[in-house]
Amino acid sequence: MWNATDTGLYVATDIYGYNCTEFFKIRAATGSILSDINGDGEVNIKDIWAVAYAFGSYLSHSRWNPFADVNGDYRITIVDLYLIAKDYGKSV
Ligand SMILES: [Ca+2]
Ligand SMILES: [Ca+2]
């Protein structure tokens, strides 16, 4: 799924082995809603919960979840919660 020769894009790898830059490109390419954290096709309380659980975490943190980092700044903050709240109720 990755272009392994495109090493210039490799900035960081989280505990799941995802390169975050590539991760966001893949999610964007699949047309998924970034705030759909658990990937079930809708933005609801389950996604809020996932971000709440990872809240305050960062790359390499034990509660880090790349899906919960909606804005891609490698930290789970109030901004990520805000973005989910903004999309709340959306579905694909
Ligand atoms: Ca969801
Ligand atoms: Ca974030």
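Predicted model: local features only at pLDDT ≥ 70, side-chain atom pairs only at ≥ 80, totals over all residues.
**Stop one: the helix pair.** Select residues 45-54, which are helix 2, and residues 78-87, which are helix 3. Their axes sit 10 Å apart and the packing angle is about 180 degrees, so the two helices run roughly antiparallel to each other. Now show side chains where they meet: Asp47, Ile48 and Val51 come from helix 2, while Asp80, Leu81 and Ile84 come from helix 3. Color that contact by type and you'll get four nonpolar residues, two charged and no polar.

**Stop two: around helix 2.** Which residues of helix 2 are buried? Pick Asp47, Val51 and Ala54. Turn the view to look down the axis of helix 2: these buried residues fall within an arc of 65 degrees, so they line one face of the helix. Helix 3 is part of what covers them.

**Stop three: past the end of helix 2.** Next up is Gly56, which follows helix 2 and has a positive phi, near 90 degrees.

**Stop four: the loop.** Most residues other than glycine have a negative phi, so the next two picks deserve a click. Ser60, in the loop between helix 2 and helix 3, isn't a glycine, yet its phi is positive at about 80 degrees. Ser60 is exposed, with 11 other C-beta atoms within 10 Å. Tyr74 lies in the loop between helix 2 and helix 3 as well, and this non-glycine has a positive phi of about 65 degrees. Is Tyr74 buried or partly exposed? Tyr74 is partly exposed, with 17 other C-beta atoms within 10 Å.

Methods:
Residues numbered from 1 in each chain as written. Chains lettered and ligands numbered in written order. Axes fitted to C-alpha atoms, helices over the stretch in contact; angles between N-to-C directions. Helix = DSSP H or I, 4+ residues; strand = E, 2+ residues; numbered from the N terminus. Parallel < 35°, antiparallel > 145°, perpendicular 65-115°, else oblique. Contact = placed C-beta atoms within 7 Å. Nonpolar A, V, L, I, M, F, W, Y, C, P; charged D, E, K, R; others polar. Buried ≥ 20, exposed ≤ 12 C-beta atoms within 10 Å, placed from the backbone. Arc of directions from axis to C-beta.
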